[in-house]
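Colleague: I would like to learn how to read a ligand site. Please take me through the terms as they come up.

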Amino acid sequence: MMNLFQFWRKKGKSPQTTELSTDNIPKHVAIIMDGNGRWARRLGLPRIVGHRNGMKAVKRATIAADEFGIKVLTLYAFSTENWKRPKDEVEFLMSLPQEFLALELEELIQKNVQVRMMGHTEDLPQHTIKAMEEAISRTKDNTGLILNFALNYGSRREITECLRDITRKVAAGEISPEDITEDMVQSGLLTAGLSDPDLLIRTGGELRLSNFMLWQTAYSEFWFTELYWPEFGREHLREALIEYQRRTRRYGGLS
Ligand code: IPE
Ligand code: IPE
Ligand code: MG
């Protein structure tokens with residue numbers, strides 16, 4: 001009589017491996033795309049080469065997310081703290097949306113992808129805003145994958161601005177403090193209208209959020225990998241989804 005382990009070995013699979021199921025695909029996947037600089041350094045190349053290769057990983061992740069049936073893919077591309085980096089690097093990062101969209105927008109349109117952006121856009125250079133706005137307006141009626149770029153995004157600033165808006169209403173006498181609800185906060189954030197991320201992925205080996213979606217990830221499942229972002233592809237997303245499907249989400253209740 002063969003035991004289960006021998007059965008799996010015979011099939012050439014480790015007992016851990018499972019197939020990806022088509023139900024229970026996370027609706028919203030968010031990715032902290034980290035490790036571009038270290039990837040480049042490992043190869044003795046300038047950091048910006050890492051960012052350019054990171055752009056290729058953005059394309060792979062987008063196509064794979066669409067294929068796997070994910071509805072929303074949020075990509076952390078630039079944080080409110082990333083302005084601390086050298087001017088050259090910041091300038092290069094700000095030119096990437098344009099470069100990416102010049103190469104990929106037509107295919108995104110063909111794939112029915114809807115491009116969005118969340119972040120504190122007022123600080124972005126005009127050329128970056130212009131490229132993003134063109135992509136947003138040309139894809140606004142698309143009904144497929146929502147590709148949401150977090151650009152100059154910072155969760156603390158997002159929450160602070162939301163607080164300001166709500167307290168202004170209180171000060172104006174439009175609402176009283178007792179009227180403030182979680183839903184009101186939720187809809188005052190930059191993610192208004194999107195469901196919370198079901199799965200949060202971070203590449204690059206760091207185990208932290210770096211000011212990303214602090215409110216929205218309250219019940220997200222986290223998946224971390226040592227892989228640098230430019231190495232990330234379809235198979236890794238698949239691996240993360242399989243792991244996600246093994247988890248039991250209890251939201252504080254009992255399973
Ligand atoms: C992620 O890669 C891209 C951005 C934060 C814009 P990094 O540039 O942070 O790469 P590492 O973490 O230095 O390797
Ligand atoms: C997080 O990466 C921001 C993005 C991926 C856009 P960082 O490289 O900025 O994070 P820290 O500084 O290591 O926390
Ligand atoms: Mg980093």
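Modeller: A polar contact is a pair of N or O atoms within 3.5 Å. In this predicted model, local features need pLDDT of at least 70 and side-chain atom pairs pLDDT 80 or more, while totals for chains, interfaces and linings use all residues. Residues are numbered from 1 along each chain, ligands are numbered from 1 in the order written, and side-chain values use heavy atoms, without hydrogens and water.

Colleague: Which side chain has an N or O atom 2.6 Å from an oxygen atom of ligand 2?

Modeller: That of Ser-210. Asn-82 has a side-chain N or O atom 2.9 Å from a ligand 2 oxygen, and for Asp-34 the distance is 3.2 Å.

Colleague: How much of ligand 2 does the protein bury?

Modeller: Accessible areas come from the Shrake-Rupley method with a 1.4 Å probe. Ligand 2 alone exposes 390 Å², and the protein buries 78% of that.

Colleague: What classes of residue make up the shell around ligand 2?

Modeller: A residue is near a molecule if one of its heavy atoms lies within 4 Å of it. Ala, Ile, Met, Phe and Tyr are among those that count as nonpolar, and Asp, Glu, Lys and Arg count as charged. The shell has five nonpolar, two polar and four charged residues; Arg-85, Arg-202 and Arg-208 are among its members.

Colleague: Which strand gives the most to the shell around ligand 2?

Modeller: Strands are DSSP runs of at least two residues, and helices of at least four. Strand E2 (residues 72-79) gives the most, with three residues. Asp-34 is instead in the loop between strand E1 (28-32) and helix H2 (36-42).

Notes: Polar contact = N/O pair within 3.5 Å; in protein donor to acceptor, adjacent residues only side chain to side chain.
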